[in-house]
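Student: Please pick one part of this model and take me through it closely, in plain words. I'd like to hear how it sits against its neighbours.

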Amino acid sequence: MSTIFKKANTAVITGGASGIGLALAQKCVGYGMRVLVADWDAKGLEDAAKSLGSGVSTARVDVSKVEDWGELKGRVEKEFGGQINLLALNAGIGARTAFEGAEADPSIFRKVLDVNFFGIVNGVSTFLPFIKEKASSSSDYQSAIVITGSKQGITNPPGNPAYNASKAAVKSLAEQLSYDLRAQKNINVHILVPGWTWTALAGAASGRAKPEAPWTPAQVVDYLEGKMREGKFWVLCPDNDVDEVTDKKRMLWSAGDAVEGRAPLSRWRDEFKGEFAKWMEKDL
Ligand SMILES: NC(=O)c1ccc[n+]([C@@H]2O[C@H](COP(=O)([O-])OP(=O)(O)OC[C@H]3O[C@@H](n4cnc5c(N)ncnc54)[C@H](O)[C@@H]3O)[C@@H](O)[C@H]2O)c1
């Protein structure tokens, strides 16, 4: 049972100036929590501070830079007395990568990994000691580390190899962290795997109206809260197009590539289309 969302608890949320992170900050504020929103978008931070109101402070940081985390650490010591009840490592970018053409530039691959993966490594290495210290000193203290992954890091659809690789690495890291903390009953680790969510990263920046398929960021964080209350590590969000059973079947098929000796990404290959379609029709 999660007791994270409650008055006077604290939250540090990266990528909290927009989308899912902003919706999570709004939820925390709604519970009367103190929130530190960390983001690198100065204008986004300014707008978020205005919309979130008092109880929220902001920090302009680039999560990929170790030195920026030093600054954030100072802020948490000063403003929260070192107490973090919710650490949401959520900042991410979706820069396009490919194996040919301009998108094959290794510097883009590196940037995606620096933000999406090392941004989380930096956050864990900076704040886990704080969280463990508080958790060891009081059994009443509850903390949650929420790490934002992606279905692309699990089923690996074709296109954008760096994004997929970064999110596969994030999944691995979150699983390892959960395992390492298994004896620490007052620290929970969760991986948030959004479905398609209508945010700047996933279409909303275009200014077009929200299509039917994606969830709103608020739906995602409500779903997250429910799973946190159930104490679940996996927070695999559906959306209006893809339900939970469809996701599960797709993940099992994906894992089956190695087990069955199929070609990688078989789901998208013409020679496996029929077999995959039959698989999706089966009951789990
Ligand atoms: N929207 C989706 O459909 C979807 C699906 C799966 C996973 N995700 C993941 O959800 C997370 C949140 O994304 P979102 O969809 O809310 O997008 P978003 O673009 O609305 O929010 C991402 C936020 O991260 C910030 N950010 C980016 N790089 C940063 C950096 N180096 N340092 C600090 N802040 C940085 C951005 O300024 C922005 O405020 C990401 O990790 C993304 O990969 C989103």
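Tutor: Let's start with a pair of helices: α1 and α6 cross in a right-handed way. (Helices here are DSSP runs of H or I with at least four residues, strands are runs of E with at least two, and both are numbered from the N terminus; a crossing is right-handed if the near helix is turned clockwise from the far one by less than a right angle, and left-handed if anticlockwise.) On the α1 side the contact uses G19, I20, L22, A23, L24 and K27, while α6 brings P217, A218, V220, V221 and E225. Contact means C-beta atoms, placed from the backbone, within 7 Å. By class, this contact has eight nonpolar, one polar and two charged residues. Nonpolar covers Ala, Val, Leu, Ile, Met, Phe, Trp, Tyr, Cys and Pro, charged covers Asp, Glu, Lys and Arg, and the others, Gly among them, count as polar.

Keep in mind that this is a predicted model: local features need pLDDT of at least 70, side-chain atom pairs need 80 or more, and totals for chains, interfaces and linings use all residues. Residue numbers start from 1 along each chain as its sequence is written.

Back to the geometry: α1 and α6 (residues 217–229) pack at about 60 degrees, with 8 Å between their axes. Axes are lines fitted to C-alpha atoms, for helices over the stretch in contact, and angles between N-to-C directions run from 0 to 180 degrees. That angle makes α1 oblique to α6, since under 35 degrees counts as roughly parallel, over 145 as roughly antiparallel, 65 to 115 as roughly perpendicular and the rest as oblique.

α1 (19–30) also faces the ligand, and gives the most to the shell around it, three residues. In total, 30 residues surround the ligand, with G15, S18, G19, G92 and L201 the closest; a residue counts if its C-beta atom, placed from the backbone, lies within 6 Å. That shell holds 13 nonpolar, 14 polar and three charged residues. α4 (106–137) supplies at least two of the shell residues as well.

Now follow α4. Its axis lies 8 Å from that of α5 (residues 161–180), at an angle of about 15 degrees, which makes the two roughly parallel. Their crossing is right-handed, and by class their contact has 14 nonpolar, two polar and one charged residues.

Finally, the sheet: seven strands form an open sheet in the order β3-β2-β1-β4-β5-β6-β7, with parallel pairing. Strands pair if DSSP finds at least two bridges between them. β3 (56–60) and β7 (234–236) are the edges, pairing on one side only. From one strand to the next, the twist averages 15 degrees. α4 packs on this sheet, touching β1, β4 (86–89), β5 (143–148) and β6 (187–193), and its direction makes about 170 degrees with that of β4.

Terms used:
Contact = placed C-beta atoms within 7 Å.
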